[in-house]
Amino acid sequence: MNASSHPHIVILTGAGVSAESGIPTFRGAGGLWEGRDVMELATPAFQRNRDLVQRFYNERRQDLLKKEPNAAHHAIARLQREYPGRVTLVTQNIDDLHERAGSPEVWHIHGELLLSRCERCYEVQHCREDLHSASRCEHCGQSGRLRPHVVWFGEVPYHLGDLDIKTRDARIFAAIGTGGLVYPAANFAHIARSLGARCIEFNLEPSDGVFDEFIEGPAGQTVTAWVDSLLKQPS
């Protein structure tokens, strides 16, 4: 059976995947936003208190650099490398754990914490150090205009047009560590389901999303078992 005979798989990952690597979620008990006014940490708050916002993301960036991919990240990367058909990986997460696990292609719809963007020339550059008022854009040379390359409230997520096309072609849609209830994730699930894809949710608790199947448990266990089963199918 050739690659075109295998169903196209679209995977959407959320905070629940990275939580198993020790990265706190934003929402919920113990999350990064608990006890905070979230609008203090995103547009338009950045223009009012740049130091506060930069400090928050500097802490997240340095914490990320200490973390490692977990079994779920590795299983998804293995599926991308070994599955005979297409696997499209979309993530709501701003970390780089999928890449570090070996995923060859990752669509970050909410941006990436280890990138910065210049508000003057709009160029994106790698960023592993803290950002502050003296940080200089390597492209235009302007100081104090770099911001985290992440999607904040009121901003449009990335790659929506490309991912709409890919989702319409999916035959299996898997949401892992996310209920897929927030736009644009919710839209991906609805599109896939409406066009006949089998929709599977991997999570600790079921959501109210449009899924045909719910698989309960830590992603490191459930996703690894799912990938094993897919790769054992005859080619």
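The paragraphs below go through the sheet, the nonpolar cores and the salt bridges of this structure.

This is a predicted model, in which local features need pLDDT of at least 70 and side-chain atom pairs count only at pLDDT 80 or more, while totals for chains, interfaces and linings use all residues. Residues are numbered from 1 along each chain as its sequence is written, and side-chain values use heavy atoms, with hydrogens and water left out.

An open sheet is formed by 6 strands, paired in parallel, in the order β3-β2-β1-β7-β8-β9. Because β3 (107-108) and β9 (213-216) each have a single partner strand, they stand at the edges, and one side of each has no neighbour in the sheet. Helices (H or I, at least four residues) and strands (E, at least two) are DSSP runs numbered from the N terminus; two strands pair if DSSP finds at least two bridges between them.

In soluble globular proteins, nonpolar side chains tend to be buried together. A nonpolar core here is a set of buried Ala, Val, Leu, Ile, Met, Phe, Trp, Tyr and Cys residues joined through side-chain atoms within 4.5 Å; buried means under 20% relative accessible area, exposed over 50%, and partly exposed in between (1.4 Å probe, protein chains only). The largest core has 21 residues, of which I9, I11, L79, I176, F202, V223 and W226 touch the most other members. Two or more residues each come from β1 (9-13), α4 (71-82), β2, β7 (172-176), β8 (198-203) and α8 (219-232). The most, 5 residues, come from α8. Leaving aside neighbours within four places in sequence, W226 is in contact (heavy atoms within 4.5 Å) with I9, I11, L79, I172, A174, I200 and F202. A second, separate core of 17 residues includes L160, A189, A192 and C199.

The whole structure holds 12 salt bridges, each a side-chain nitrogen of Lys or Arg within 4 Å of a carboxyl oxygen of Asp or Glu. In helix α4, E82 and R78 lie 4 residues apart, about one turn of the helix, and form a salt bridge with their closest N and O atoms 3.6 Å apart. E82 is partly exposed at 45% relative accessible area, and R78 is partly exposed at 27%. Another salt bridge joins R193 and D212 (3.3 Å, N to O). This pair links distant parts of the chain, 19 residues apart: R193 is in helix α7 (residues 185-194), and D212 is in the loop between β8 and β9. Salt bridges with shared partners also join R50, E119 and R145 into one network.
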